[in-house]
Amino acid sequence: MISKIKYMALTCLLALMAATGAARAADPLQYSLYDGANPVFAEQSAAYSGDDYRFLCSAIGDSLTDSSQLQGVFYSRLNDPGYSFRSIPGGTQVNFHGNPGGTTGSILPATQSHDWGAGEGANFVVIMVGTNDLDYNQGDAIEDLAAAMVSNVQAIVDSALGGISDPNQRPAIVVSGVPAYLDATLTSRAKYYNEQLRTRLDRVDIFTDGAWWDLYDSGTGAAASWLMEDLKHPNGDGFYRIAEDWFKGVDALYDPSRIETDPHIYRMPWYFQRT
C-alpha cells in the first residue's frame with residue numbers, strides 16, 4: 001500500500017513538472033522591456049534622466065506605436081550602454097504618442113493640437129501611420145486612398161516641424177512605412193502606400209520601409225504568421241523587428257553609411273547629417 005502511495009505521489013510530481021515546463025515553453029518571448037517597472041529600465045533612467053538626456057525623440061503613430069514591446073526595444077537600442085552598434089550617442093528620452101484605432105486623418109489634428117515634434121523640443125521625430133486607413137478602407141481604389149493618406153502624412157510632417165526649416169534648429173524627420181499584414185491583398189496595398197510615401201513626401205530626412213520587408217513572407221505574399229498576433233498587429237518578435245528598423249532610421253541621421261549599405265533606408269530631400 002505504501003509503495004502504491006509513493007508511486008502515485010511520484011506520478012503526480014512528474015505530471016506537475018511536465019505541465020510547468022509546457023507553460024514555460026508557451027510563454028511569449030521577453031525583451032527586457034523598458035516599461036518603468038523593469039529593473040533594467042530603472043537603471044537606464046538613473047543613467048539618463050532629466051538634464052542627463054542629450055536628445056528627445058517624438059514617436060507619432062497608431063496602436064503599433066502604443067505597443068510596450070516596440071517601445072521597450074526602441075528605447076533600449078537608443079540608450080543601452082551595452083549596445084555598441086550605433087552612432088547616435090546614448091541618452092535619448094522618447095515621448096511615444098500612440099493613438100489606438102487612429103488613422104492618418106485623425107492623428108493629424110492630434111499632432112497639431114498637442115504640438116508633437118518641434119513643440120515638445122524634439123531633436124528627431126519618428127512617424128509611422130496608415131495601418132488602420134488601409135484596413136478600414138479595403139474597398140477604395142488604392143491610388144486614391146494612398147494619395148489622401150500621403151497628403152495627411154505630409155501635413156503631420158509639417159506640423160511636427162513647427163514651421164522651422166533651419167536644419168540646425170528643426171527636428172529631423174524619420175518616416176517609416178507600415179508593416180505587412182496577414183492578408184496578401186492588404187500587404188500589397190501597404191507596399192504601394194509605402195512607395196508613395198517614399199517618392200512623394202517632402203521635408204523628410206529619412207524614409208524606411210524595413211517594417212514591411214522584415215515581416216514579409218515571399219512564400220505567402222503576406223506577413224509571416226509567426227511574427228503576427230492578428231491581422232495587423234505583430235507579436236513580440238514582429239515588434240522587435242520594427243523597433244530595430246526605427247532605430248536604424250534614426251541612427252542613419254548620424255551615420256550616413258547606413259543609407260548606402262541598407263536597401264531599406266532612403267535618403268530623403270531634407271537629409272542633414274547630425275553630429
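Q: What pLDDT does the chain average?
A: This is a predicted model, in which local features need pLDDT of at least 70 and side-chain atom pairs count only at pLDDT 80 or more, while totals for chains, interfaces and linings use all residues. Residues are numbered from 1 along each chain as its sequence is written, and side-chain values use heavy atoms, with hydrogens and water left out. pLDDT is the predictor's confidence in each residue, from 0 to 100. Here 81% of the residues score at least 70, and the chain average is 85.

Q: In what order do the six strands of the open sheet come?
A: Helices (H or I, at least four residues) and strands (E, at least two) are DSSP runs, numbered from the N terminus, and the chain has ten helices and eight strands. Two strands pair if DSSP finds at least two bridges between them. Pairing in this sheet is mixed, and the order reads 2-1-3-4-5-8. The edges, each pairing on one side only, are strand 2 (92-99) and strand 8 (265-267).

Q: Which residue in strand 2 is the bridge partner of Cys-57?
A: Strand 1 (residues 55-62) and strand 2 run parallel, joined by eight bridges. For Cys-57, the bridge partner in strand 2 is Val-94.

Q: At about what angle does helix 9 run to strand 3?
A: Axes are lines fitted to C-alpha atoms, for helices over the stretch in contact, and angles run from 0 to 180 degrees between N-to-C directions. Helix 9 (residues 236-251) lies across strand 1, strand 2, strand 3, strand 4 (172-176), strand 5 (206-208) and strand 8. Its angle to strand 3 is about 140°.

Q: Why is the pair of Phe-55 and Phe-124 tilted?
A: Rings of Phe, Tyr and Trp (its six-membered ring) pair if their centres lie within 6.5 Å; planes under 30 degrees apart count as stacked, over 60 as edge-to-face and the rest as tilted. The whole structure holds eight aromatic pairs. In this one the centres are 6.2 Å apart, and the pair is tilted because the planes stand at 45°.

Q: How many residues apart in sequence are the parts that Phe-55 and Phe-124 tie together?
A: Buried means under 20% relative accessible area, exposed over 50%, partly exposed in between (1.4 Å probe, protein chains only). Phe-55 is buried at 14%, and so is Phe-124 at 1%. One sits in strand 1 and the other in strand 3, so the pair links parts separated by 69 residues.

Q: Is Trp-213 buried or partly exposed?
A: Its ring pairs with that of Trp-212, with centres 4.7 Å apart and planes at 75°, so this pair is edge-to-face. Trp-212 is buried, at 4% relative accessibility. Trp-213 comes out at 34%, so it counts as partly exposed.

Q: Which residue has its ring under the charged end of Arg-198?
A: A charge sits over a ring if NZ of Lys or CZ of Arg is within 6 Å of the ring centre and within 35 degrees of the ring normal. Here the charged end lies 4.9 Å from the ring centre, and the ring belongs to Tyr-266.

Notes: Contact means heavy atoms within 4.5 Å.
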